[in-house]
Every structure is written in C-alpha cells, then in structure tokens.
Amino acid sequence: MSETMPDGGAVFYSLKKVLEKKGYGVKVVFAPSWIRAKMNAVKDPKFDGYAPVRTVEYTDQFIFTKLFFKSPWLIVERKDRPIVWNKIADLGKYTAGNIQGVELRDGIKELAEAGKIRIENVGTPLSNFLKVATQRVDFAFSDELVFRYTMGIEPELKPYRDILQLNAKPIVVDSYGIALRKKPEFRELIKYIELHETDFAKYTEEYLTSLLPKTP
C-alpha cells in the first residue's frame, strides 16, 4: 500500500471492491507510518477505522475482523549470496535493509533493540532492494507482495530481476484484518467482511496482474 499507488495499493483496492458490493465507499488517509495511522484513528473520531491491523488493540473504541489475510514477511537476497539461517539470532551477523516506518517483527525487533543486528532504513522499497542488489546490505526485509510488485514495475530493478530472490524461509507469516469504530452499523459490516475474506486474495492478485508488465 502506498499513497502513490493506484487506489492506494492492493490492500485498499481489495477493501474497496469488497465494500462497494455493500454500498460503501472508502476514503483512505495515509500517514508517515503505520503506527501514526493507527494513532490518528484512535485520537480522531472522523476516522471510521484503520487497516490493515496485525493485533487487536483499543477494543474500547474499535471492533475487529478476525485476522484472515495472510502474507509472509521475508528476506530479499542475492541469488549468489543466499542467507542461510535456522533461527532469528543467526541473522545478527548480517546488515539488513528495512523501510522507514515499517515495524520490525518480533524476534528481529529484540535483536535490533539489543544492538545485535545492524539495520539500515531507507524511504522506499526500490531503495531497499537496490541496496541488496548492489551489495550495500546483505539482505532486506520485505512483504512478499511488495517485492513482487516493486520488482515488476520499477525500471531500475529490471537488470536485477535474475539476481534478487526471496529467501524460502519467512521471518513470520503475518495475518491482517480490519478495524472499524465501535458503532452498531459496523458490527454487521464486520461480519460481512469476514464472509467475503477469500475475495481479498482474489482482488489482490487481480490488482497485481493489472499493474505488472505483461510477459512477452
């Protein structure tokens, strides 16, 4: 998801497609980070909810769908320099890239806080992957969909499409859901979203297929 992507990215494209069947429109307001977006929703009642969510919080203000949409958070590596690891601590000897504002997942966060892994933050997925490609970091953290999308559309990454790959072992498989403000009319909407949970994966693939260049 990104403010610069059509429809705000695959997340919100899918949400819009599901909700428009119910007669709802979606207006998305982005923030500099996911944490800031969540806090904006908590503090400002003009926001009806926030998405995507990985944890159930602020249950006095919000109701939540179950965490149904799964997406792996992985390592982007060079094919000629694959990262071999069994446990999270094994990654401490490497320098990793990450996107500024993207939360480090459990295990990695503790390594970083203890100063046992070096992480270089950049502003965009493009910069993150280029640093791996040009061997300025050993690997980068990325969501699978972000990697597929960015590698497919960014001209600067075209020379590296046969050089970069996703490590087969995920750091974690994230599960996401939707949070809506605790209003009577939204309780029915939460149930409706859950009934259509399989549509999110379908619309995500539809979105990526529509944007990625066609293979000759």
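How many nonpolar, polar and charged residues does the lining of the second largest pocket have? The model is predicted, so local features need pLDDT of at least 70 and side-chain atom pairs count only at pLDDT 80 or more, while totals for chains, interfaces and linings use all residues. Residues are numbered from 1 along each chain as its sequence is written, and side-chain values use heavy atoms, without hydrogens and water.

Helix H1 covers residues 10-20, and its buried residues are Ala10, Phe12, Tyr13, Ser14, Leu15, Val18 and Leu19 (buried: under 20% relative accessible area, 1.4 Å probe, protein chains only; helices: DSSP runs of H or I, at least four residues, and strands: runs of E, at least two). Their cover includes strands S1 (49-53) and S8 (172-181) and helices H6 (184-195) and H7 (197-211).

The largest nonpolar core has 25 residues, of which Leu180, Leu189, Ile193 and Phe200 touch the most other members (core: buried Ala, Val, Leu, Ile, Met, Phe, Trp, Tyr and Cys joined through side-chain atoms within 4.5 Å). H1, H5 (144-153), S8, H6 and H7 each give two or more residues to this core, and H1 gives the most, six. Another core, of 14 residues, lies apart from it and has Trp85 and Leu104 among its members.

The second largest pocket holds about 260 Å³ of space (pocket: on a 1 Å grid over the protein atoms alone, an open set of points where a 1.4 Å probe fits, with protein on both sides within 12 Å along at least five of seven lines; lining residues have an atom within 4 Å of a point). Its lining has 13 residues, with Arg54, Thr55, Leu104, Asp106 and Lys109 closest to the centre. By class, four are nonpolar, one is polar and eight are charged.

Notes:
Buried < 20%, exposed > 50% of the residue type's maximum accessible area, 1.4 Å probe, protein only. Contact = heavy atoms within 4.5 Å. Points joined across faces, edges and corners; volume = space filled by probe spheres on them. Nonpolar A, V, L, I, M, F, W, Y, C, P; charged D, E, K, R; others polar.
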